[in-house]
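Subject: The two-chain structure, with notes

Dear colleague,

I am handing over the structure that we spoke about, and my notes on it follow just below. Please keep the structure open beside this email while you read.

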Amino acid sequence: MPIHDQSYRRYAGVRTPPGRSWTVIASAGIKAMLAKRKFLGLLIVAWLPFVVRAVQLYLAANFPQMSVISPSPGTFRQFLDQQGVFTFFITIFTGAGLISNDLRANALQIYLSKPVGRLEYVAGKFTVLAFFLLLVTWLPATLLLFVQVVFAGSVAFVAANLYLLPAILIATCVETTVVALVMLALSSLSKSARFVGVMYAGVFFFTAALHGVVQAATRESGFCWMSLRASLQNVGDLIFRVPPRSDTPAWGAALALAATVAASAWILERRVRGVEVVT
Amino acid sequence: MTEPQPAAVITIAGLTVLYGRQRALDGVTASFPPGAVGLLGPNGAGKSTLLKTLLGFLAPRSGAMTVLGFDVATSPAEIRARLGYMPEIDAHIPGMNAVSFVAYCGELAGLPAVDAVQRAHEVLYYVGLGEARYRNVETYSTGMKQRIKLAQALVHDPDLLFLDEPTNGMDPKGREEMLDLIRDLAHRKGMNLILSSHLLPDVEYTCDHVVVLHQAKVAAQGPIAELKGPRGSVYEVRIKGDRDGFRSLLREAGFTAHPGEEDVMRVFVPGEAGAHALFELAARRGVQVRHLRPSLPSLEDVFAQAVGEE
């Protein structure tokens, strides 16, 4: 007969009140992604444009003959545009399996049987994707501003373009929100992460192709609201106070993005449930 | 100050759940006392639906429910913080080994990270996965997956455990060990649990109370000993002659008969009628009673009577 039964003990420690489990989901998701070597490689490659731009800022600040490459507000807008390709791949790499893998393993029943609300679950997954997207957009763009100050030895450029700091933040947050919600919505529609990746690429390129066809047929550039990428560019141009690339009014593109966000939220509301009810 | 333990861990009043036009639960009213309660019923009776509704996964059309004194409609997070759920289907967090998975579930339930890892090790040993705890859960056998589902439900030390068909797919030895674990939790560790199963022996072995669901309604509920007790007697009967005709006659007389081993049938005789009534019916039908032995009523008899099976 055992002197002391150690087989199962009651837990007498502290418990976190409900409402913070999204941080657990987010940190677990981020750690899981950082454990993948291929993904780390992608992150490193995504920072190469930052290095190139930093060299550009150094040359412009230290060699008068290189004034042709002096920074302007457009430089930062261009930088974020260039990061678009990395945003695309990181979104697919990180986001495709975020919900679809849980659907495949029936993990939603596990999550939602804990004190984790559906909104918290989505917030946790959203944070994983948003973290990496901001890591390759907002962080390097903001750092470039500081690098410019350091290399130029003056705050004259930043002082003359004070709006750049909030513009970088707002533009990257808008892009991150839209892209992450679209990807999460698509991820909730299938149990196959590969298929979700294909779907995302399809949405991205199909809407761009459709926009291109309509633009070519009508010879008007007022249809950017048809394309996810063009709408993001249009709104980004407005935020950075640079001339827009299309005739579509900014409110039209913003409305298209808002509709995309609303549709994604609706899909997530329908799909993220503890039980799938087929009627 | 400790919170008062409610007289019933779950109360359900007039619960109706619809799947489209299909009534999955139809005006269910039941009370689950502390301890181990079996939720019994044939496939499709509404057992899993009831558990999922109590968890807040399904919205009821009407009715009221409380779990551990909390209203399901207004306090789902408080309930789930004190509840462990072992789903019927294979479920896990992908890409994790057992320790990471169970510790993660502990953190989700509100345990600090260090405590969650410590509890994960303890609970994995308790359910018999101590040696396999660093293996990826996706490589586990069906029996091991059942055990890991129990572990994730236990890691945060819930006050109430929902076990949905916990022995599904397990070999006889594994099933026996799982039932021993459940019995240990309920009777030695003082944990309240609801065991949903269509396997009568599982419920009879582990539970003290039972709620029988049949066709989306409660067919019977109460302590198993009481349900098996004084409302009638059970006989093992073997006859020679028109078996079907005799069973029809038994049915008409309000008796319940269902097949036992070989050609012996178990007949439930309600009230005080006793064996005499059986002989009378046999004589009326013209069949010979070759074997008649009083038997102890089992949960199977209660179930058969409740759902009207033969």
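Helices and strands here are DSSP runs, at least four residues long for a helix and at least two for a strand, and they are numbered from the N terminus. Please also bear in mind throughout that this is a predicted model.

With those terms in hand, I can begin with a loop in chain B. B:Leu68 is found between strand E4 (62-67) and strand E5 (70-71) of chain B, and its phi is positive, at about 55 degrees, although the residue is not a glycine. Most residues other than glycine have a negative phi. B:Leu68 is also buried, with a relative accessibility of 6%. A second residue of this kind is B:Asp157, which has a positive phi near 55 degrees and is likewise not a glycine. B:Asp157 lies in the loop between helix H5 (142-154) and strand E7 (160-164) of chain B, and at 5% relative accessibility it counts as buried.

Within the pairing across the two chains, B:Asp159 forms a salt bridge with A:Arg10, and the closest N and O atoms are 3.6 Å apart.

Turning to chain A on its own, its secondary structure comes to 13 helices and 0 strands. Its C-alpha atoms fill a box of roughly 90 × 50 × 30 Å along the principal axes, and of its 279 residues, 46% count as buried. Among the contacts in chain A with a separation of 6 or more, 76% are between residues 24 or more positions apart. Chain A exposes about 13,900 Å², and carbon and sulfur atoms supply 69% of that area.

Which of its residues are buried? They are A:Phe39, A:Leu42, A:Leu43 and A:Ala46. Seen down the axis of H2(A), these buried residues fall within an arc of 100 degrees, so they line one face of the helix. An α-helix has 3.6 residues a turn, so residues three or four places apart point the same way. On the other side of H2(A), A:Arg37, A:Lys38 and A:Ile44 are exposed. The cover over the buried residues of H2(A) includes helices H1 (21-34), H3 (48-62), H5 (84-104) and H7 (118-136) of chain A.

There is also a nonpolar patch on the surface, formed by A:Val45, A:Leu48, A:Val51 and A:Val55, with about 310 Å² of accessible area together. Helix H3 of chain A gives the most to this patch, with 3 residues. A:Leu48, which has its place in H3 of chain A, is partly exposed, with a relative accessible area of 47%.

Side chains of opposite charge can pair when their charged atoms come close. In chain A, the side chains of A:Asp81 and A:Arg77 meet in a salt bridge at 3.7 Å, N to O. These two residues are 4 apart in helix H4 (residues 73-82) of chain A, and are therefore separated by about one helical turn. A:Asp81 is partly exposed at 22% relative accessibility, whereas A:Arg77 is buried at 8%. A:Arg245 and A:Asp237 also form a salt bridge, at 2.9 Å from N to O; here A:Arg245 is partly exposed at 44%, and A:Asp237 is buried at 1%. In chain B, B:Arg23 and B:Asp26 meet at 3.3 Å, N to O, with B:Arg23 partly exposed at 45% and B:Asp26 partly exposed at 24%.

With best wishes

Note on methods: Residues numbered from 1 in each chain as written. Chains lettered and ligands numbered in written order. Predicted model: local features only at pLDDT ≥ 70, side-chain atom pairs only at ≥ 80, totals over all residues. Heavy atoms only, no water. Buried < 20%, exposed > 50% of the residue type's maximum accessible area, 1.4 Å probe, protein only. Arc of directions from axis to C-beta. Contact = heavy atoms within 4.5 Å. Patch = residues over 30% accessible without salt bridge, like charges linked within 9 Å, V, L, I, M, F, W, Y side chains within 5 Å. Areas by Shrake-Rupley, 256 points an atom, 1.4 Å probe, with all protein chains shown as cover. Salt bridge = Lys/Arg side-chain N within 4 Å of Asp/Glu carboxyl O.
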